[in-house]
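User: I have a model open and want to go through it with you. Can we start with the loops and then move on to the helices?

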Amino acid sequence: MAQALGRAGLVCYGLVHLVVAYLALRIAFGGSGAPADQTGALQEVGSTSFGRVVLWVLALGLIAFGMWQVLMAATGYEWTRGGERVRKRLGSAGRAIVVFALAYSAIRIALGAGTADGNQKQQEVTARLLALPAGPAIVVVVASCVAVVAVACGVKGVRRTFREDLNTAELPPATRRWVTRLGTGGYLAKGVVFAVVAALLAYSGLRSDAHEAGGLDKALRTLADQPLGPVVLTVVALGLAAFGGYCGGAAWAHRR
């Protein structure tokens, strides 16, 4: 059961990243359209009648992925030990929360109810934090945590430690090489995006202005507004697409 949940979930998770990459490329080439984040990706998929059917399939797949992450958080990563196992299990628990929220958004969009985009959600959460005693300092601390995630993604991509969670013997040699390359590019791209999100959040805390914060969409648009922004954003978009492809390969080789 865990194997089936993991494979179906990883494939759907990868598809969401592929659509986000497509939306990011549209921004890089001067388009606007749906927000370039997971919610925007779901809205893009559900923009047609057939797309709503696909959304239901994606929602079920994301629920499967979330359930698998819960199982991994509870009993997974037996091939590791000590602090590393605890860290990986906590990571799975965090992913489960994110993925269940994404599945909920997919269901709402499929039902025609709509949902707030990532930027709005991020700004609402930031505003609540800023309203607390020492709120700006709390936001800066949260930004630092996101920055740590960004660094971890970058290190994971450079050192290719994501292969530790894969049973690469299940893959043909050529496929094994491509999964490694896609994973490297994917994790590096996610590291860049998390770094920009962290910077936006820190700036929001320092200015005590929740509107300066933002999610994936604002991070990608911020990249696009920089010198050589379209070029940089295109590279990041290709990296996100690479992560989507990596998820497809990891679906067949990830250890349970």
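Analyst: Trp 79 counts as partly exposed, because its relative accessibility is 27%. Buried means under 20% relative accessible area, exposed over 50%, and partly exposed in between, with a 1.4 Å probe and protein chains only. This is a predicted model, in which local features need pLDDT of at least 70, side-chain atom pairs count only at pLDDT 80 or more, and totals for chains, interfaces and linings use all residues. Residues are numbered from 1 along each chain as its sequence is written, and side-chain values use heavy atoms, with hydrogens and water left out.

User: Where does Trp 79 lie?

Analyst: Trp 79 is in the loop between α3 and α4. Helices here are DSSP runs (H or I, at least four residues), as are strands (E, at least two), and they are numbered from the N terminus. The C-alpha atoms of Trp 79 and Arg 255 are separated by 8.7 Å, though the two are 176 residues apart along the chain.

User: And Gly 30, buried or exposed?

Analyst: Gly 30 is exposed, because its relative accessible area is 67%. Gly 30 belongs to the loop between α1 (2-28) and α2 (38-45). Its C-alpha is 9.3 Å from that of Ala 224, which is 194 residues away along the chain.

User: OK, helices. How do α6 and α7 pack?

Analyst: Helix α6 (residues 135-159) and helix α7 (residues 173-207) pack at an angle of about 165°, with their axes 7 Å apart. Axes are lines fitted to C-alpha atoms, for helices over the stretch in contact, and angles run from 0 to 180 degrees between N-to-C directions. The two helices are therefore roughly antiparallel to each other. Angles under 35 degrees count as roughly parallel, over 145 as roughly antiparallel, 65 to 115 as roughly perpendicular and the rest as oblique.

User: What is in that contact, by class?

Analyst: The contact of α6 with α7 has 20 nonpolar, five polar and two charged residues. Ala, Val, Leu, Ile, Met, Phe, Trp, Tyr, Cys and Pro count as nonpolar, Asp, Glu, Lys and Arg as charged, and the others, Gly among them, as polar.

User: And which way does α3 run against α4?

Analyst: Helix α3 (residues 49-75) and α4 pack at about 160°, with axes 8 Å apart. That makes α3 roughly antiparallel to α4. By class, their contact has 21 nonpolar, four polar and three charged residues.

User: What about α7 with α9?

Analyst: The axes of α7 and helix α9 (residues 229-253) come within 7 Å and cross at roughly 130°. These two are therefore oblique to each other.

User: Back to α4. How many residues does it have?

Analyst: Helix α4 (residues 82-110) has 29 residues. From its first C-alpha to its last it reaches 42 Å, close to the 42 Å expected at 1.5 Å a residue. The expected span is 1.5 Å times one less than the number of residues.

User: Which of its residues are buried?

Analyst: Among them are Lys 88, Arg 89, Ser 92, Ala 96, Val 99, Leu 102 and Ile 109. Just after α4, Gly 112 takes a positive phi of about 85°.

User: Different topic. How many disulfides?

Analyst: The count comes to zero, where a disulfide is a pair of cysteine sulfur atoms within 2.5 Å. For Cys 145, the nearest cysteine sulfur is that of Cys 153, 14 Å away. Cys 145 counts as partly exposed, at 46% relative accessibility.

User: And Cys 247?

Analyst: Cys 247 is in no disulfide, and the nearest cysteine sulfur, that of Cys 12, is 11 Å away. Cys 247 is buried, with a relative accessible area of 1%.

User: Last one: where is Thr 184?

Analyst: Thr 184 is in helix α7, and at 14% relative accessibility Thr 184 counts as buried.
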